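Hi,

Here is the structure I promised to pass on.

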Amino acid sequence: MIFTVAIDGPAAAGKGTISRAVAQHFGFRHLDTGLLYRAVGVKGGDPVAAARDLGPADLARDDLRTLEAGQAASRVAALPEVRAALVEFQRRFARSEGGAVLDGRDIGTVICPEAEVKLYVTATPEVRAHRRWLELGGDEARVLAEVKERDARDMGRQDAPLKPAEDAVLIDTSDLDIDAAVAAAVTVVKARLAGT
Ligand code: C5P
């Protein structure tokens, strides 16, 4: 069975948690596409060459989850040649046998417009910054500024900007706990699998 769940949305909206839980629930494979851009961002040197040569060791680095890696990712992600170098791998993953969940910024709009399910997971910048701050610590005001800066860059770029696909189901997690957010996503996938 080929079945793709595309989950897009801004940083710290809950995409990662929802994606992992949905993949586990349905026995699908999961790809966190942000990690690809983070790995390119932290590798240094020419980002286009880094994107073309990306290997398993780059994705296994333990410094990919930091705020700095997120900012570096969002800068290299604005380069069309970097995005182009990563498209094929993501498309193949999305349409491989057995079901796949991909989370990112452009999965439902660019990587897999034919996805069977498209979710757009969001929350207010304040709620997202608070979650990131609980995870990473530091100065909460700075985390909020970084979240807003990254939103503006991801939404404002020319190539594959962050926006909901026209047929995406919106899940606003501002007032939802993790279980409720996951349940909402699972319900949408179940309905599509059942053909309703
Ligand atoms: O999701 P995550 O915070 O790990 O993504 C890091 C950055 O990578 C994002 O801010 C965005 O600029 C970029 N990205 C992207 N397209 C994706 C996934 C991530 O442009 N599909």
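Predicted model: local features only at pLDDT ≥ 70, side-chain atom pairs only at ≥ 80, totals over all residues.

E116 and R95 form a salt bridge, with their closest N and O atoms 3.0 Å apart (a salt bridge here is a side-chain nitrogen of Lys or Arg within 4 Å of a carboxyl oxygen of Asp or Glu). E116 sits in the loop between α7 and β4 and R95 in the loop between α6 and β3, so this pair ties together parts that are 21 residues apart in sequence. Helices (H or I, at least four residues) and strands (E, at least two) are DSSP runs, numbered from the N terminus.

Residues are numbered from 1 along each chain as its sequence is written, and side-chain values use heavy atoms, with hydrogens and water left out.

Back to R95. R95 also forms a salt bridge with E114, with 3.8 Å between the closest N and O atoms. That pair again links distant parts of the chain: R95 is in the loop between α6 (80-94) and β3, and E114 in the loop between α7 (107-111) and β4, 19 residues apart. R95 is partly exposed at 27% relative accessibility, and E114 is partly exposed too, at 44%. For the cut-offs, buried means under 20% relative accessible area, exposed over 50%, and partly exposed in between (1.4 Å probe, protein chains only).

The structure holds 15 salt bridges. Another of them joins the side chains of R142 and E146, at 2.9 Å from N to O. These two are four residues apart in helix α9 (residues 140-156), which separates them by about one helical turn. As a reminder, an α-helix has 3.6 residues a turn, so residues three or four places apart point the same way. R142 is partly exposed at 41% relative accessibility, whereas E146 is buried at 13%. Salt bridges with shared partners join E68, R142 and E146 into one network.

Now the strands. All five residues of β1 (residues 4-8) are buried. T4, A6 and D8 point one way from the strand, and V5 and I7 the other way. What does β1 pair with? One partner is β3 (residues 100-104), in the parallel sense and over five bridges; another is β4 (residues 117-122), also parallel, joined to β1 by four bridges. Two strands count as paired if DSSP finds at least two bridges between them.

Contact means heavy atoms within 4.5 Å.

Next, helix α8 (residues 125-136). Which of its residues are buried? They are R128, A129 and R132. These cover an arc of only 100° around the axis, which puts them on the same side of α8; the arc is that of the directions from the helix axis to the C-beta atoms. The buried residues of α8 pack against α2 (34-43) and α9. Just after the helix, G137 takes a positive phi of about 75°.

Most residues other than glycine have a negative phi, and most peptide bonds are trans. A12, though not a glycine, has a positive phi of about 60°. A12 lies in the loop between β1 and α1 and is buried, at 12% relative accessible area. A160 is another non-glycine residue with a positive phi, near 50°. A160 is in the loop between α9 and β5 (169-172) and counts as buried at 8%.

Cheers
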